[in-house]
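Let's take a quick tour of a protein and the small molecules that sit in it.

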Amino acid sequence: MFDLMSKLKNYKMSRRAFVGWSAAVTAAAAIPVSRGLKTKTELNKVFAASEGNEVWKSAACWHNCGGRCVNKVLVKDSIVIRQKTDDTHEDSPDYPQQRGCLRGRSQRQQVFGADRLKYPMKRKNWKPGGGKKELRGKDQWVRISWDEALDIVASEIKRIAKVHGNNALWATGSGEITKVLSENGGCTTDYGTTSWGAWFWASTMMGVAEGWDELGINDRIDLRNSQLIVLWGVNPAWSSPGSPTYNYLQAKKAGAQFISIDPKYTDSAQVFGADWIPIRPGTDDALAFGMMYTLLDEDDPKSNPLIDWDFLNRCTVGFDKEHMPKGANPKDNFKDYLLGTYDNQPKTPEWAANICGVEPEKIRELARKIGSTERVALLTGWAPARINNGEGWVQAFSTLGFMTGHMGRSGRMTGVSCHRSSGNGGHWLVNKGINGYPQPENPVTDSINHNEIFSAILEGKFHQKGEGERKANIQLIYHQFNATLQTRSTILQGIKAHRKVEFVVTHAYTLTTNAKYADVVLPVTTEWEREGGLLVGNREILIAHTNIVEPMYEAKSDVWIAKELMKKLGKDPKKLYPFSEKQAFFNELASSTVMKDNGKDYEPLVEITARDMKEWGVKGKPQKGRISLREFLEKGVYQVKRKPGDNFGYIAYQDFVEKPDKHPLETPSGKFEIYCNTIAEESKGGWTEVSPIPKYVPKTRGYEATFVDWKKKKKGKYSFQVFNPHYLRRSHSTFDNVPWLREAMPNPVFISKKDAKELGIKDGDTVLLSNEYGKTLRPAKTTETLIPGTVALPHGAWVEMDEKEEVDKAGADNMLTAPIATGLGTSGWNTVICHVEKYKGDPLIEDAKWEQRIIFPNEEV
Ligand SMILES: Nc1nc2c(c(=O)[nH]1)N[C@H]1C(S)=C(S)[C@@H](COP(=O)(O)OP(=O)(O)OC[C@H]3O[C@@H](n4cnc5c(=O)[nH]c(N)nc54)[C@H](O)[C@@H]3O)O[C@H]1N2
Ligand SMILES: Nc1nc2c(c(=O)[nH]1)N[C@H]1C(S)=C(S)[C@@H](COP(=O)(O)OP(=O)(O)OC[C@H]3O[C@@H](n4cnc5c(=O)[nH]c(N)nc54)[C@H](O)[C@@H]3O)O[C@H]1N2
Ligand code: SF4
Ligand SMILES: [Mo]
């Protein structure tokens with residue numbers, strides 16, 4: 001009997017081998033839609049030229065990938081034979097297509113990959129209470145029935161809750177299982193700053209959170225009015241695929257100049273012809289202080305106006321002693337800090353250069369340029385704030401915007417430009433509706449900061465934010481919809497924690513790291529195998545996707561698992577899931593809205609008829625809408641047509657900046673707070689204290705920590721800084737198993753030519769990165785485009801432990817990150833230090849040639 005999956009395995013799904021095998025390009029695209037593909041004859045049908053019976057369907061590309069695009073699959077005779085992206089309308093700068101990246105275009109390799117998990121399974125040496133727990137991650141897998149799997153999970157939940165209490169159950173991230181456990185007495189949860197870094201809490205406190213997701217930037221059409229665009233740790237070409245790079249290019253065409261402040265000369269900098277200012281990771285605040293000092297030093301309102309005093313006076317508090325908020329000590333003003341009035345350290349460009357690595361004259365030049373150009377977009381990604389002690393950077397960056405007044409006006413903005421909203425701020429023009437499933441309260445209040453999730457298990461305590469130390473006794477880890485063991489700090493500690501508790505269960509569709517270290521793995525469907533759904537993207541679109549295939553093998557949806565688990569726990573699933581998944585999808589569609597042409601009000605997006613509801617077998621009311629249900633699902637996208645001068649433009653903070661008294665911000669002073677008492681107060685219940693005004697502090701495990709003697713500039717053992725660019729091969733850890741993507745992007749560690757030469761490292765050599773938290777290997781990519789003293793280790797590779805050597809071969813970034821929270825509880829992934837050397841052991845084989853994680857290869861498909 002022909003087994004396509006093992007055939008794929010033999011060919012390792014490498015693009016070249018796969019195409020060679022089939023001798024037809026379409027063959028590479030030919031993947032079975034159902035499980036029914038069993039004979040050679042049927043396979044031949046797959047390769048036959050596509051004619052008749054073909055239908056393009058809207059398919060999901062559903063990851064947290066920094067973009068959101070149209071993805072279509074061509075289905076013929078129940079087989080997906082091709083994929084394409086947006087061709088629903090002509091492409092134009094004002095109304096761009098939502099085109100997919102190479103990850104989306106290889107989605108078939110994920111959904112139909114040879115490494116899809118087929119059945120529920122348990123670890124061979126598992127027993128109630130754990131069995132040989134040290135074998136987690138190394139044991140063999142045994143196929144079990146759904147009934148047995150759910151019995152095991154339910155009985156372990158009941159047993160552990162009874163013996164240790166409900167807070168011994170930890171549901172990681174968020175999802176259906178948090179809800180189920182909340183109905184069943186509750187569970188411990190976790191939280192953190194993930195993407196945003198220090199912007200997460202500090203922004204709201206200071207008043208710079210308008211728009212939240214895109215944090216205070218104007219929309220893409222207004223970006224064309226900027227004369228100078230500063231990309232301060234912003235690389236849309238890698239981390240905001242889809243149309244953002246194209247949108248920035250329109251600003252370039254309209255005449256904007258670009259500057260990129262980044263440890264790495266990025267593909268975006270290259271495309272936009274940006275001037276590159278190389279900077280050490282985690283030292284951006286020092287550069288900002290040096291620039292702000294220059295502004296203050298050189299500003300003359302008459303002959304050389306660099307500071308917008310009117311803006312500072314009207315819209316902010318805390319700049320100088322004359323503008324302090326009530327109750328603050330006048331000596332704690334920002335201007336005197338900058339000048340060094342009380343600490344005897346003026347924050348001069350020379351002082352800054354010593355820290356950030358940018359030449360003093362360059363710092364002055366930057367300050368003059370930003371201060372004297374009329375319309376500037378000061379844009380930053382989240383990356384420079386994903387650092388330890390990052391609150392000071394958020395304060396300093398925002399204050400630079402306040403001083404130069406580049407806010408609230410056309411072509412002028414200061415804020416976060418990142419992810420799906422890069423270069424395109426503003427209110428959502430299309431809103432996704434809600435499914436209507438109830439959201440239960442969780443009776444357990446224990447909530448652990450991401451930096452302490454593993455130490456809480458190993459050490460039995462954690463810091464409950466705002467309160468202080470609490471005891472922890474976690475005995476059950478339930479991974480639902482995340483990659484916690486990959487994407488949180490300190491994987492080695494994480495593995496130890498996974499081997500300590502009594503039970504670990506994971507939902508997964510491939511053997512992810514979470515799954516690998518579990519006792520029981522429950523195979524889930526991908527979005528292609530479900531009812532369909534809606535995906536939010538940039539502000540102008542809403543993506544709709546439909547069912548493409550029947551569930552693969554025995555995979556079930558997260559909702560199905562949640563319902564069955566409730567039954568086994570003696571709960572009525574109707575309580576959380578009173579209607580079907582189809583009805584839930586329908587509810588989302590029916591409650592989605594779109595902005596009216598007046599640019600203010602919203603109306604229903606989807607037109608629904610009684611016939612639609614009959615066909616779907618769902619309940620609801622017919623409604624008028626912008627697009628018919630059928631057309632929306634067929635097209636796969638609704639996109640608001642935009643043009644310059646329409647009512648959908650957006651200038652962040654415009655009302656406030658025009659009339660601060662009439663439109664006060666939601667801060668205690670009603671203004672932007674350079675002096676922000678809330679941050680200082682809140683940080684007292686957090687980890688390290690944050691100053692109310694921006695102040696430079698050396699970052700925990702930042703540049704200064706690479707020295708044993710800072711004054712003599714004597715380097716220590718961990719002499720390199722590491723940072724983690726978000727890499728095109730993956731969406732975090734997702735897609736890392738796709739061989740085509742592995743082949744296309746080798747996932748090296750980037751190291752500067754200068755450092756490589758000093759260390760005797762050549763391109764392709766295996767490099768060992770190590771520190772007190774872990775060791776990891778990668779082939780070197782030497783480059784002129786990285787600031788010396790740093791290495792760039794792309795985020796999210798699937799850890800692959802050599803257990804004997806305790807070394808990871810995959811370059812998993814969190815092997816090296818420290819589990820240290822600072823400030824309000826920020827995760828500091830771009831402040832990491834390590835030792836770099838040429839590896840003395842066997843050189844790495846490229847990971848595109850590694851075995852896939854296939855569990856039951858010889859089973860019948
Ligand atoms: N060192 C370091 N760490 C970082 C970062 C960094 O830059 N450096 N970046 C951080 C950032 S910004 C983020 S957002 C986080 C991301 O952290 P995570 O959200 O943990 O990362 P993902 O890899 O996106 O994990 C999603 C998982 O869900 C699975 N999945 C997908 N669809 C479904 C489904 O329908 N059901 C279920 N049950 N599972 C599904 C995927 O297979 C994948 O394993 O990582 C953070 N961690
Ligand atoms: N391809 C891809 N794209 C993604 C993701 C992915 O996993 N893969 N993840 C998505 C998610 S969830 C998020 S949150 C976003 C994150 O989006 P960002 O935070 O914007 O992405 P990064 O790639 O980490 O960093 C952007 C740029 O900042 C630079 N940088 C890093 N540290 C510093 C620093 O200390 N100072 C300065 N000045 N620059 C620095 C990097 O070199 C890079 O060029 O990306 C999204 N987009
Ligand atoms: S940017 Fe994201 S949504 Fe778009 S194709 Fe790539 S992975 Fe898919
Ligand atoms: Mo993120």
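A polar contact here is a pair of N or O atoms within 3.5 Å. With that in mind, take Gly233: one of its polar backbone atoms is 3.4 Å from an oxygen atom of ligand 2, so the pair falls inside that cut-off. Do remember that what you're looking at is a predicted model.

- How much of ligand 2 does the protein cover? On its own the ligand has 920 Å² of accessible area, and the protein covers 99% of that.
- There are 36 residues around ligand 2, and the ones that come nearest are Ser239, Asp262, Asp284, Arg386 and His732.
- Sorted by class, that shell holds 16 nonpolar, 15 polar and five charged residues.

**Ligand 1 and its surroundings**

- Arg530 has a polar side-chain atom 3.0 Å from an oxygen atom of ligand 1.
- His795 and Asp813 both point you to nitrogen: a polar side-chain atom of His795 is 3.4 Å from a nitrogen atom of ligand 1, and for Asp813 a side-chain N or O atom is 3.2 Å from a nitrogen atom of the ligand.
- Taken alone, ligand 1 would expose 930 Å², but the protein buries 93% of that.
- Which residues come nearest to ligand 1? Out of 27 around it, they are Gln480, Ala483, Thr487, Asp558 and Ser733.
- The shell around ligand 1 splits into 17 polar, five nonpolar and five charged residues.

**How the chain is divided**

**Where domain 2 meets domain 3**

- On the domain 2 side 30 residues are in contact, and they touch 28 residues of domain 3.
- About 2,500 Å² is buried between these two domains, with carbon and sulfur atoms giving 63% of it.
- How many salt bridges turn up across this interface? The rule finds zero between domain 2 and domain 3.
- Polar contacts do show up, though: 13 residue pairs are counted between domain 2 and domain 3.

Note on methods. Residues are numbered from 1 along each chain as its sequence is written. Chains are lettered from A and ligands numbered from 1 in the order in which they are written. This is a predicted model: local features need pLDDT of at least 70, side-chain atom pairs count only at pLDDT 80 or more; totals for chains, interfaces and linings use all residues. Side-chain values use heavy atoms; hydrogens and water are left out. A residue is near a molecule or strand if one of its heavy atoms lies within 4 Å of it. A polar contact is a pair of N or O atoms within 3.5 Å; within protein, one must be able to donate a hydrogen and the other to accept it, and residues adjacent in sequence count only if both atoms are side-chain atoms. Accessible areas come from the Shrake-Rupley method with a 1.4 Å probe; for residues, only the protein chains shown count as cover. Ala, Val, Leu, Ile, Met, Phe, Trp, Tyr, Cys and Pro count as nonpolar, Asp, Glu, Lys and Arg as charged, and the others, Gly among them, as polar. Contact means heavy atoms within 4.5 Å. Buried area is the accessible area (1.4 Å probe) that two parts lose on being put together, summed over both. A salt bridge is a side-chain nitrogen of Lys or Arg within 4 Å of a carboxyl oxygen of Asp or Glu.
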